[in-house]
Amino acid sequence: MKNKMQWFLMIAMVVYFVPFLVSGSEVVNRFVDFSLEDPQEKKYSQADMEGKITLVVLQSRTTLQTAIDCKTELKSLVQENQKVQMIAIMDLRKRPSLIPKGVLKKKISGQDPTSKEIPFLLDWDGAVTQALGGEDNKCKVLVVDHQLKVAYKQEYKPAAIDNEIKPWLDKLSGGQK
């Protein structure tokens with residue numbers, strides 16, 4: 001009886017915990033194919049990223065101020081290197097359901113001064129954000145190379161910009177700006 005119980009527990013652990021551990025450690029190798037709109041209804045897709053190094057800021061409504069700070073700091077890296085562009089993707093799957101999309105677009109655009117100069121894409125169902133490993137309550141930064149491979153992905157921390165992100169951009173651009 002004791003052996004049967006041990007085997008049952010081992011099987012249960014393998015079935016339930018191994019997929020959880022593996023999925024938590026997976027790294028997205030290629031940027032997902034997507035089609036999203038900004039608040040002005042301009043469409044963006046993966047094709048807009050090809051041939052450029054792209055900084056991607058993944059955010060949610062709960063990380064709006066953190067994302068604004070992040071984008072403001074990252075802007076200087078984009079200005080320093082002509083091979084680099086930036087987009088932001090906001091996960092809106094947890095938006096208040098009674099608020100019309102148009103009202104929410106205006107409110108978010110009004111609160112985010114960076115949305116006028118950095119493409120700010122609205123992920124209404126959260127599918128793109130989830131596929132890239134985005135999380136609610138965390139602002140993440142991704143560095144995507146010319147071939148749409150994710151080279152770097154971390155939660156935003158101000159110290160990481162000079163210590164981690166800038167060296168990745170220099171490496172991917174081959175030292176050319």
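Trainee: Which residue stands opposite Val144 in E6?

Mentor: Thr54 stands opposite Val144 in E6. Before we go on, this is a predicted model, numbered from 1 along each chain as its sequence is written, with local features needing pLDDT of at least 70 and side-chain atom pairs pLDDT 80 or more, while totals for chains, interfaces and linings use all residues. Side-chain values rest on heavy atoms, with hydrogens and water left out.

Trainee: What counts as a pair of strands, and in what sense do E3 and E6 pair?

Mentor: Two strands pair if DSSP finds at least two bridges between them. Strands themselves are DSSP runs of E with at least two residues, helices are runs of H or I with at least four, and both are numbered from the N terminus. Here E3 and E6 pair in the antiparallel sense over five bridges.

Trainee: And which strand does E6 form a hairpin with?

Mentor: That's E7, with five residues between the two strands. E7 covers residues 150-155, and five bridges join E6 to E7 in an antiparallel arrangement. Lys140 stands opposite Glu155 in E7. In the turn, look at Leu148, which has a positive phi of about 65°.

Trainee: How many residues of E6 are buried?

Mentor: Buried means under 20% relative accessible area, exposed means over 50%, and partly exposed is in between, with a 1.4 Å probe and protein chains only. By that rule five of the five residues in E6 are buried. Lys140, Leu142 and Val144 cover one side, Val141 and Val143 the other. For the protein, buried residues make up 40% of the 177 residues.

Trainee: How do I check a helix, and where does H2 bend?

Mentor: Start with the expected span, 1.5 Å times one less than the number of residues. The 17 residues of H2 (residues 64-80) should span 24 Å, and the end C-alpha atoms are 25 Å apart, which agrees. For a bend at a residue, take the angle between axes fitted to the seven residues ending there and the seven starting there. H2 bends by about 25° at Leu74.

Trainee: Which residues of H2 are buried, and what do they pack against?

Mentor: Leu64, Ala67, Ile68, Cys70, Lys71, Leu74 and Leu77 are buried. Contact means heavy atoms within 4.5 Å. The buried residues of H2 pack against several elements, including strand E3 (53-60), strand E6 (140-144) and helix H5 (158-172).

Trainee: What about aromatic pairs: how is one described?

Mentor: By the distance of the ring centres and the angle of the planes. Rings of Phe, Tyr and Trp (its six-membered ring) pair if their centres lie within 6.5 Å; planes under 30 degrees apart are stacked, over 60 edge-to-face, and the rest tilted. A search of the whole structure finds one such pair. Phe31 and Phe34 form it edge-to-face, 5.7 Å centre to centre with 75° between the planes. Phe31 is buried at 2% relative accessible area, and Phe34 is buried at 5%.

Trainee: Last one: is Lys43 buried or exposed?

Mentor: Lys43 counts as exposed, at 56% relative accessibility. Lys43 sits in strand E2 (residues 43-45). Leaving aside neighbours within four places in sequence, Lys43 is in contact with Leu36, Glu37 and Asp48.
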